[in-house]
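Please keep the sequence and the model in view while reading.

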Amino acid sequence: MVSSVAVDRAGLIYAFQRGAKADPVLVFDPSGTAYVGTVNDSVYRSTNGGDSWQRRNTGMNADTITGLAMLPGTQRVYAVSPGDADDGRNAGVYVSDNRGDQWTRVVDGLAPEAAQCVAVQASSGFTFVGTLGGGVFRR
C-alpha cells in the first residue's frame with residue numbers, strides 16, 4: 001500500500017510504500033528542496049536531490065510526523081504529529097517560516113493528538129488539518 005505521493009518541480013513522481021514501522025511523508029518546495037516526515041525521527045530536509053539529508057527539528061519536540069505541506073510561494077512548511085510514538089506527547093501542528101530551520105507548535109482549538117494530515121490552500125493560505133475522528137479543521 002502506498003502511504004505518500006509527491007511530485008517534484010521537474011514533474012517526477014515519488015511514492016512511498018507503507019512499511020512495517022514507518023509511513024514516511026514527502027513534500028517539495030518550489031526550489032526543489034525535499035522534506036520527509038518520519039516515525040521516531042522527526043523531519044529531514046534535502047537540498048541536493050536526496051544525495052544527503054539533514055535533520056530539521058529545532059523547536060519541534062515531536063518525533064513522529066504524519067503530514068507535511070508547503071504554503072506555495074513562501075518558505076513556510078507545515079508538519080503535523082499525532083504525538084511521540086512511545087507516549088503520544090508533543091502532538092500538534094508545527095509551522096516553520098524558514099524552510100524547516102526553526103519550528104513553532106501552533107494549537108488553535110484543535111485536540112492536538114488528533115492531527116494526522118495537513119494541506120494548504122494556495123489561493124487563501126488556509127491550512128486544513130485532518131484528524132482522527134474529529135473531521136477537518138481550518139486555520
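Two strands pair if DSSP finds at least two bridges between them, and strands (E, at least two residues) and helices (H or I, at least four residues) are DSSP runs, numbered from the N terminus. This is a predicted model, in which local features need pLDDT of at least 70 and side-chain atom pairs count only at pLDDT 80 or more, while totals for chains, interfaces and linings use all residues. Residues are numbered from 1 along each chain as its sequence is written, and side-chain values use heavy atoms, with hydrogens and water left out.

Q: Which residue in β9 stands opposite valine 77?
A: Strand β8 covers residues 77-81 and strand β9 covers residues 92-96, and the two pair in the antiparallel sense over 5 bridges. In β9, the residue opposite valine 77 is serine 96.

Q: Which are the edge strands of the open sheet that 4 strands form?
A: The strands of this open sheet follow the order β7-β8-β9-β10, and their pairing is antiparallel. Pairing on one side only marks the edge strands, which are β7 (67-70) and β10 (104-106).

Q: Is arginine 89 buried or exposed?
A: Arginine 89 belongs to the loop between β8 and β9. Buried means under 20% relative accessible area, exposed over 50% and partly exposed in between, with a 1.4 Å probe and protein chains only. Because its relative accessible area is 51%, arginine 89 is exposed.

Q: Which residues touch the most other members of the largest nonpolar core?
A: A nonpolar core is a set of buried Ala, Val, Leu, Ile, Met, Phe, Trp, Tyr and Cys residues joined through side-chain atoms within 4.5 Å. The largest such core has 13 residues, and those that touch the most other members are Met60, Ile65, Leu68, Ala79 and Trp103.

Q: With which side chain does the side chain of threonine 127 make a polar contact?
A: Threonine 127 is placed in strand β12 (residues 127-131), and, with a relative accessible area of 1%, threonine 127 is buried. A polar contact is a pair of N or O atoms within 3.5 Å; within protein, one must be able to donate a hydrogen and the other to accept it, and residues adjacent in sequence count only if both atoms are side-chain atoms. For threonine 127, the side-chain partner, at 3.3 Å, is tyrosine 78.
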